[in-house]
Amino acid sequence: MTSTLLRAGLGLALVSLSTAPAVGASRFVADPYPSTYQAHPDGPLLIQNATVLTGTGQRLDNADVLLRDGRIIAVGDALQVDASVTRINADGKWVTPGLIDVHSHLGVYPSPGVGAHSDGNEMTAPVTANVWAEHSVWPQDPGFQAALAGGVTSMQVLPGSANLVGGRGVTLKNVPATTYQAMKFPGAPWGLKMACGENPKRVYGGGKGVAPATRMGNVAGYRAAFIDAADYIAKNKPKPAKRKGWFGSDKGDSAGDAGGKRDLKLDTLAGAIQGDIRVHIHCYRADEMATMLDLSKEFGFKVAAFHHGVEAYKLADRLAAEGVCGALWADWWGFKMEAFDGIAENIALVDRPKNSCAIVHSDSPEGIQRLNQEAAKVMAAARRAHMPEIAPERAITWMTANAAKALGIEAQTGTLEAGKMADVVIWNGNPFSSYALAEQVFVDGRRVYDRSTPPATPRSDFQLGQELR
Amino acid sequence: MGMVNKRRRAWPGATLVALLLMTTAASAQDLLVRGATVATASARGNVEDADVLVQGGIIRAVGRGLSAPAGVPVVEGKGRMLTPALFGGITEIGIEEVSGESSTVDSALKIGEQPLRPEFDVTLAYNPASVLIPVARLDGIGFTALGAATGGGFVAGQGGVVRFDGSADPIGPRALFLRLGAAASELTGQSRAAQWMLLQQMVDEARGQVDADSPHALLTPAGRRTLARYLSGQGRIVVEVDRAADIRQLLRWAAREKVKIAIAGGAEAWQLAPQLAAAKVPVFVDALGNLPTTFDQIGATLENAARLQRAGVPVAFAQRDDASHNARKMRQLAGNAVANGLPWADGLAGLTRVPAEVLGVADQIGSIEPGKRADLVLWEGDPLDVAHYAEQVWLGGRAMPMRSRQTELRDRYLQRNAQP
């Protein structure tokens with residue numbers, strides 16, 4: 001409730017209570033659909049004698065992790081706690097931060113993949129910055145629970161890539177819930193989904209006979225949209241304070257809000273320009289990523305991450321230098337022309353430069369269940385290529401700390417550091433293996449998955465009773 | 001093999017190949033692998049510290065303390081595992097280059113009139129120069145089942161087994177591919193019930209119970225002849241089907257018509273495991289499929305392979321999504337099946353011996369036994385674990401270059417700023 005709107009006159013303030021932004025001050029990111037997520041931590045828990053990958057690049061052998069009140073309290077050797085603390089002997093087990101997938105369509109393209117639930121692409125116009133993926137999320141998608149069994153505790157759910165600008169993505173905590181608001185990661189910024197290349201031009205030029213039909217049409221489309229957004233920002237600049245009436249109700253003076261009619265599309269694009277919404281761009285080819293970096297400079301926004309980026313290895317140095325993450329697959333390639341140059345070492349090469357930000361992402365209800373195995377493939381490919389050995393403590397950052405950074409939730413989660421959310425996974429061994437299984441998963445200190453007690457595993461409403469005969 | 005390039009020191013298997021190059025006197029298809037853990041994928045199981053002798057591209061002996069005949073190069077296998085070259089699944093490798101570009105895809109037939117063409121044979125379109133082949137081979141894959149994909153009809157057509165040694169022609173018998181259930185409903189008048197109706201009519205035609213000049217004929221004369229071959233037990237009919245109810249119908253149909261079938265996908269096959277075992281029907285399991293992706297897959301579980309195996313059903317693997325470009329993912333399927341209860345030996349068998357048996361080529365490939373082709377892979381670690389990689393692949397005893405278009409790209413960009 002830090003809305004600057006509240007500084008406006010009384011009448012307006014009452015109205016705006018329900019539209020207070022979750023973060024930031026801009027009205028472009030006011031949230032009328034706020035998170036109702038609540039942590040329900042279990043009692044204090046000490047995980048002992050584990051191999052701990054902290055997500056900060058450290059590996060601690062035979063170490064303990066203490067969780068209390070939904071937070072990481074301490075990580076280290078032989079932590080001393082009083083007798084009331086529950087203990088788990090994790091000898092032989094590995095402990096990591098909860099995994100984070102920056103690119104999921106769970107809920108918007110749920111299982112089963114029926115037409116009635118095909119809610120991921122608003123394929124009615126090439127720029128639909130006005131739509132929000134969260135309004136499509138079906139919380140009963142069984143894929144959420146499957147991802148949880150794979151150690152995924154947070155994810156960004158994005159619109160699809162049919163459009164140049166697909167809409168807002170939402171970051172969720174992976175907990176069973178009846179509403180998406182109850183999964184919505186408190187305070188997480190939205191993402192803006194954009195798409196390069198083949199998909200938009202195929203869907204519109206190829207499919208509907210309207211712009212864009214080419215890559216140059218794609219870029220013209222982004223530029224037109226951001227020109228409108230820049231104009232919108234200018235028009236919405238706070239006006240100099242007028243003399244207030246005694247009731248303070250003049251409409252043009254709501255600090256940061258010029259009071260014009262809201263345009264949902266331009267709200268989102270303006271939020272992106274102002275840095276309150278993270279820009280995530282589906283983009284395969286190196287040359288197109290470079291074009292998008294130029295576009296970002298033309299309009300003054302920052303690219304948080306290129307997604308898919310099968311050619312990211314071709315400009316890994318530039319991505320690192322510009323602080324742009326590469327959210328990538330381990331091995332997808334060749335299913336379309338812009339994916340033809342995929343290589344198995346892509347993530348390793350993107351990870352290589354100083355200040356890099358390599359991320360393993362899924363874009364798949366299967367892949368999200370085994371992000372750890374995707375990373376293992378990359379580690380093996382790098383070894384095969386005689387690249388320097390990638391240690392587990394490094395690889396874990398690809399799906400924890402780096403992912404959190406791309407989503408703007410790195411202050412809350414993504415590492416096992418004191419004060420962070422107690423989003424934790426206990427693995428049956430080294431997670432970078434086909435045989436790795438998440439045994440216990442904690443979200444904000446609550447055990448939400450336990451492999452040893454299947455009945456305790458959440459099941460979506462959809463799955464209930466399907467086995468009855 | 002003359003591709004060793006100083007600039008590319010980083011390529012794997014370099015030592016092995018150097019060794020081979022030094023011994024040019026022997027046939028390029030001779031070889032002794034010494035001291036490996038030999039995972040035979042046969043009744044012998046894994047043999048520790050064993051040697052495998054290859055001459056003329058054929059495995060001659062498997063055992064301890066074999067000696068290399070004069071001129072036969074020796075490859076040190078100590079601490080490594082040697083397996084048969086792996087099965088790449090039911091794929092379109094060599095019949096599709098870029099999935100999204102129809103000019104490069106030949107896997108499905110779509111002919112408006114008379115769409116049901118069992119005589120359609122995708123192996124005729126096979127391109128052994130496909131860039132997908134070295135990519136798959138680099139990960140230890142030596143053969144695949146080219147599958148006809150459904151285009152205009154639920155009977156997709158025929159495919160067969162190809163080896164990735166550059167040879168142009170399939171080996172072994174053809175297989176006929178068809179799809180049942182919701183995925184084919186659009187092609188059968190919007191009802192899966194019609195699949196049995198149409199199948200029955202085709203069978204009647206192939207058995208000569210419908211006049212050849214009937215205006216209602218579904219099949220061409222060539223189609224009748226083709227289907228008749230399968231109905232007489234020559235070649236396997238591979239059926240992509242998931243729902244238990246449909247599998248039950250399929251088992252009845254196969255028993256009635258006395259045809260050899262295999263199931264591909266089979267998300268709910270575990271629910272009929274005893275019946276499948278009794279009928280000796282193998283299943284190509286998509287071992288990563290645990291979501292109700294469609295209403296035909298409500299019962300999908302990661303334990304499918306393990307449950308089928310326990311009941312005595314022969315288990316092979318096949319994946320659905322991006323099966324061709326990502327055929328290398330097959331060993332991840334096997335590894336995850338093992339993580340979910342399948343014995344390791346059955347995981348390997350599902351990538352080697354079982355698919356070879358199901359597809360009628362087990363007399364040639366799929367296990368490390370004397371008399372079989374020397375299609376072998378030496379692994380840096382456990383082949384079912386994605387954390388490890390293939391060091392060297394031999395097909396017909398010939399060392400395959402451990403390179404692909406992808407490693408060429410990699411090596412160019414491993415040198416930073418290769419291009420501005």
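This is a predicted model: local features need pLDDT of at least 70, side-chain atom pairs count only at pLDDT 80 or more; totals for chains, interfaces and linings use all residues.
## A walk through chains A and B

Start by selecting Lys280(B), which is exposed: 11 other C-beta atoms lie within 10 Å. Residues are numbered from 1 along each chain as its sequence is written, and chains are lettered from A and ligands numbered from 1 in the order in which they are written.

Stay on Lys280(B) and check its backbone: phi is near 55°, positive although the residue is not glycine. Its loop runs between helix H7 (273-278) and strand E12 (283-285) of chain B. (Helices, H or I of at least four residues, and strands, E of at least two, are DSSP runs numbered from the N terminus.) Now jump to Gln190(B), another non-glycine with positive phi, about 70°. You'll find Gln190(B) in the loop between helix H3 (182-185) and helix H4 (193-206) of chain B, and it is exposed, with 9 other C-beta atoms within 10 Å. For background, most residues other than glycine have a negative phi, and most peptide bonds are trans.

Zoom out to chain B. The C-alpha trace spans about 70 × 50 × 40 Å along its principal axes, and the chain has twelve helices and 16 strands. Colour it by domain: domain 1 takes 6-84 + 380-414 and domain 2 takes 86-365, bounds that come from an automatic or database domain assignment. The two C-alpha centres in chain B are 31 Å apart. Where they touch, domain 1 of chain B gives 22 residues and domain 2 of chain B gives 24; contact here means C-beta atoms, placed from the backbone, within 7 Å. On the domain 1 side in chain B, select strand E5 (81-84), strand E15 (390-395) and helix H12 (405-414), the elements that give two or more residues.

Keep H12 of chain B selected and bring up chain A. The chains meet through 38 residues of chain B and 38 residues of chain A. On chain B's side, helix H9 (330-339) and H12 are the elements giving two or more residues.

Next, hide chain B and select helix H4 (residues 215-235) of chain A. Its 21 residues reach 30 Å from first C-alpha to last, close to the 30 Å expected at 1.5 Å a residue (1.5 Å times one less than the number of residues). Which residues of H4(A) are buried? They are Asn218(A), Gly221(A), Tyr222(A), Ala225(A), Phe226(A), Ala229(A) and Tyr232(A). Look down the axis of H4(A): these buried residues fall within an arc of 120°, so they line one face. (The arc is that of the directions from the helix axis to the C-beta atoms.) They pack against strand E8 (165-173), helix H3 (198-206), helix H5 (264-273) and helix H6 (286-299) of chain A.

Last stop: peptide bonds. In the loop between H3 and H4 of chain A sits Pro212(A), joined to Ala211(A) by a cis peptide bond with omega about 0°. Another cis bond joins Ser111(A) and Pro112(A), with omega about -10°; Pro112(A) lies in the loop between strand E6 (99-104) and helix H2 (143-149) of chain A.

Notes
Two residues are in contact if their C-beta atoms, placed from the backbone, lie within 7 Å. A residue is buried if 20 or more other C-beta atoms lie within 10 Å of its own, exposed if 12 or fewer, and partly exposed in between; C-beta atoms are placed from the backbone.
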